[in-house]
Amino acid sequence: FMLAFAVDSMGLSKDVFGVQRCSAVYWLVLFFLYPFICATIMLAVRFLLQLRAWHEATLGNEGAEGDPVVSAGSAAVLPAAAALVGFVSSLLGLGGGELMVPLLLEIGCLPRVAAATSGFLVLLSACSNLIHYLAAGIIEPFSAYVTALLVLSFVGAGVGLAVRETEFM
């Protein structure tokens, strides 16, 4: 999904492929992503329904605690709500997690799952932007900086896991 998004994003940028805004190619590339998004949503709903059926057949319950309940209505409303969150976040200059995490909590996700989902989406968004900037030649890789951030990230994750197991958390 992120590869398709990155290719679509680069296709719209003048600095990578030279696509002029509001040209026929621009609109074609812009609308390319929407059928892909719809197919991805349908696939995710299918997997969630299969997971629910597996829980019912194997474990005799309706699902694990924190699993979202999927219905025809929620399959239409939740992506629309997520799109609205993205739209409002882009207007306000927010990252999206400030509004997406409460939405995930509202549909029944556990707080840890909602926070992890938000963090994972930030990672995917950052990777997409990095691919675009590298392809456009806007930034050049600086290996010492990348290595330092990678090491600090792993150290921070380790400290977070260690603190999580204390009596304070």
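Modeller: Helices (H or I, at least four residues) and strands (E, at least two) are DSSP runs, numbered from the N terminus, and by that reading the protein has seven helices and zero strands. This is a predicted model, in which local features need pLDDT of at least 70 and side-chain atom pairs count only at pLDDT 80 or more, whereas totals for chains, interfaces and linings use all residues. Residues are numbered from 1 along each chain as its sequence is written, and side-chain values use heavy atoms, with hydrogens and water left out.

Colleague: Which pattern does the protein follow when it is read along the sequence?

Modeller: Along the sequence the pattern is α-α-α-α-α-α-α.

Colleague: How should I read burial, and what share of the residues in the protein is buried?

Modeller: A residue is called buried under 20% relative accessible area, exposed over 50%, and partly exposed in between (1.4 Å probe, protein chains only). Of the 169 residues in the protein, 17% are buried. The protein as a whole exposes about 12,100 Å², with carbon and sulfur atoms supplying 73% of that area, as computed by the Shrake-Rupley method with a 1.4 Å probe.

Colleague: Is S74 buried or exposed?

Modeller: S74, which lies in helix α4, is buried because its relative accessible area is 16%. Contact means heavy atoms within 4.5 Å, and once its neighbours within four places in sequence are left aside, S74 is in contact with V69 and P79.

Colleague: What share of the contacts in the protein joins residues 24 or more positions apart?

Modeller: Among contacts with a separation of 6 or more, residues 24 or more positions apart account for 44%.

Colleague: How do I read the packing of two helices, and where do the axes of α4 and α5 stand to one another?

Modeller: Two packed helices are described by the angle between their axes and the distance between the axes. The axes here are lines fitted to C-alpha atoms over the stretch in contact, with angles from 0 to 180 degrees between N-to-C directions. For helix α4 (residues 72-92) and helix α5 (residues 97-106), the axes come within 9 Å and cross at roughly 160°. That angle is why α4 is roughly antiparallel to α5, a label given to angles over 145 degrees.

Colleague: Which residues of α4 and α5 meet?

Modeller: On the α4 side, A81, A82, V85, V88 and S89 meet L99, M100 and L103 of α5. By class, the residues of this contact divide into seven nonpolar, one polar and no charged, where Ala, Val, Leu, Ile, Met, Phe, Trp, Tyr, Cys and Pro count as nonpolar, Asp, Glu, Lys and Arg as charged, and the others, Gly among them, as polar.

Colleague: At what angle do the axes of α5 and α6 cross?

Modeller: The axes of α5 and α6 cross at roughly 145° and come within 9 Å. In this pair, G97, V101, L104 and L105 of α5 meet P111, A114, T117 and S118 of α6. The contact of α5 with α6 has five nonpolar, three polar and no charged residues.

Colleague: Which residues is S118 in contact with, beyond its neighbours within four places in sequence?

Modeller: S118 is in contact with G97 and V101 when those neighbours are left aside. The residue lies in helix α6 (residues 111-136), and S118 counts as buried because its relative accessibility is 14%.

Colleague: Is L134 buried or partly exposed?

Modeller: L134, whose place is also in helix α6, has 39% relative accessibility and so counts as partly exposed. Not counting residues up to four places away in sequence, L134 touches I139 and P141. A53 and G63 are 10 residues apart in sequence, and their C-alpha atoms are 8.5 Å apart in space.

Methods
Parallel < 35°, antiparallel > 145°, perpendicular 65-115°, else oblique.
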